[in-house]
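User: I would like to learn how to read a model like this one. Please take me through it feature by feature.

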Amino acid sequence: MTKKTDVVIIGTGAAGLFCALHFPEQTQILMLTKEEVDKSDSFLAQGGICMLRGEEDYEGYFEDTMRAGHYENNPASVEVMIRSSQEVADELVAYGVEFERDGEELAFTKEGGHGRPRILFHEDVTGREITSTLIENVRKRKNIAVLEHTAMLDIIARDNSCYGIIMQDADGNIECVQAKYTVLACGGLGGLYQHSTNFRHITGDAIAIAKCHDVALQHVDYIQIHPTTLYSEKPGRRFLISESVRGEGAVLLNKNKERFCNELLPRDVVTAEIEKQMSKDKMPYVWLSMENIPTEEIKSHFPNILQQCIEEGYDPTKECIPVVPAQHYFMGGIKVDLSGKSSMAHLYAVGETACNGVHGKNRLASNSLLESMVFAKRAALEIAGKLPETGFADICGMVDLDEYQDIEARKKEYRRIVLEEIERERKSHE
Ligand SMILES: Cc1cc2nc3c(=O)[nH]c(=O)nc-3n(C[C@H](O)[C@H](O)[C@H](O)COP(=O)(O)OP(=O)(O)OC[C@H]3O[C@@H](n4cnc5c(N)ncnc54)[C@H](O)[C@@H]3O)c2cc1C
């Protein structure tokens with residue numbers, strides 16, 4: 001059986017949802033996600049989302065983003081992201097997102113690498129607030145259908161043009177989705193790593209599929225390690241201790257409870273300092289002290305972190321907590337232009353799966369939700385403009401569904417392809 005839709009969007013994180021919401025109501029959109037609709041890394045975001053404070057903040061914000069990215073960022077992407085930030089924040093508020101306020105005015109917090117507070121937040125669950133509001137809005141739209149527990153297995157491509165995807169639905173059926181445009185919004189690749197803050201099902205599938213079809217990739221070895229995740233001996237996803245905890249005054253301590261670095265330097269620098277200290281101390285973690293943050297503020301600004309630490313046996317209002325670096329974010333991805341267009345016709349990529357060079361070699365804190373939405377919207381607007389002149393191609397004969405029966409072997413192969421590509425790129429930079 002073949003499904004037919006104007007646009008298929010793979011992924012229901014901030015990028016996929018924001019993209020879907022920016023199509024006209026007459027565009028038929030099919031969204032799919034491997035798990036439940038809210039199981040995305042966007043949902044897990046704690047710290048917040050950056051917003052340009054005013055014209056006087058432009059140069060500082062631009063420089064902070066470039067410095068964090070080791071000046072390997074694409075300056076045009078950075079400019080578009082920053083210049084679009086107030087509009088995105090306004091749209092989120094109009095959708096119903098509740099950011100923290102100081103009286104009537106929006107309140108801002110600070111994170112590592114930022115010269116001043118410019119991060120909007122909702123307690124320490126900003127991603128949950130944004131994503132669940134976007135999901136509510138998507139559910140109100142009659143032109144958007146969402147399939148949960150449904151995985152993209154491949155794209156349908158011929159002569160460098162994309163005609164849709166192959167998917168496996170919740171009942172295990174494998175079928176084709178014929179689409180005029182395909183948007184990959186599949187997130188990062190943390191599920192490939194033993195220690196990661198990402199959901200385990202987010203495994204870089206779009207990167208493997210792109211590689212198999214010769215779609216251009218960029219910076220695939222640029223992988224961000226977050227300096228502070230709660231140390232645990234249990235297997236599974238690592239719990240993030242947001243950078244804004246350090247932004248509000250928490251300090252890192254060695255085994256003798258002495259400070260050993262500036263906690264507010266960019267992530268890669270702090271990670272390197274922690275790793276050096278762990279090896280010096282011969283310890284699998286360092287300590288994080290929240291002693292400088294008033295207890296009331298810990299309770300009101302970081303309730304989720306507080307609860308998680310307590311569940312793990314540590315009370316951060318009274319004692320230090322053990323923290324360790326873990327894989328967190330993928331700066332590289334499918335090479336795209338400023339509207340998310342890949343090197344293959346009719347194929348777009350947005351969010352963490354895509355790489356328009358905005359983050360350079362290292363992402364500045366709280367730039368990723370923003371980047372996901374800014375460029376997802378641009379992709380939607382560009383595709384919407386092209387839809388009236390695009391017809392459906394005949395995909396009969398392009399696909400042999402029997403090739404997709406051994407899903408486990410395919411998953412293993414995709415995993416191998418991504419890890420091999422990362423290693424190949426890494427070596428090419430040595
Ligand atoms: C713990 C944590 C905290 C964070 N905190 C912040 C923060 O404070 N500020 C900030 O800006 N950023 C933060 N980030 C990063 C940010 O949340 C993500 O980078 C960003 O939201 C990525 O959004 P996305 O829509 O591209 O991908 P995701 O939100 O990861 O969504 C990916 C989607 O793709 C689906 N998918 C993947 N493969 C397939 C497939 N084969 N078939 C079908 N569906 C598939 C998944 O099911 C999911 O729905 C944080 C990340 C984590 C993990």
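User: What share of the contacts in the chain with a separation of 6 or more comes from residues 24 or more positions apart?

Analyst: Start with the ground rules. This is a predicted model: local features need pLDDT of at least 70, side-chain atom pairs count only at pLDDT 80 or more, and totals for chains, interfaces and linings use all residues. Residues are numbered from 1 along each chain as its sequence is written. Two residues are in contact if their C-beta atoms, placed from the backbone, lie within 7 Å. Here the share is 72%.

User: How does the radius of gyration of the chain agree with a compact globule?

Analyst: The radius is taken over C-alpha atoms, and the globule rule is 2.2 Å times the number of residues to the power 0.38. For 430 residues that rule gives a value near 22 Å; the chain has 21 Å, so the two agree. The C-alpha trace spans about 65 × 50 × 40 Å along its principal axes.

User: Which residues touch the most other members of the largest nonpolar core?

Analyst: A nonpolar core joins buried Ala, Val, Leu, Ile, Met, Phe, Trp, Tyr and Cys residues through C-beta atoms within 7 Å. Buried means 20 or more other C-beta atoms within 10 Å of the residue's own, C-beta atoms being placed from the backbone. The largest core has 96 residues, and Cys-19, Ile-334 and Val-350 touch the most other members. Helix α11 (residues 368-386) gives the largest share, nine residues. Helices are DSSP runs of H or I, at least four residues, numbered from the N terminus. Beyond four places in sequence, the contacts of Ile-334 include Leu-184, Ala-206 and Cys-355.

Terms used
Buried ≥ 20, exposed ≤ 12 C-beta atoms within 10 Å, placed from the backbone. Helix = DSSP H or I, 4+ residues; strand = E, 2+ residues; numbered from the N terminus.
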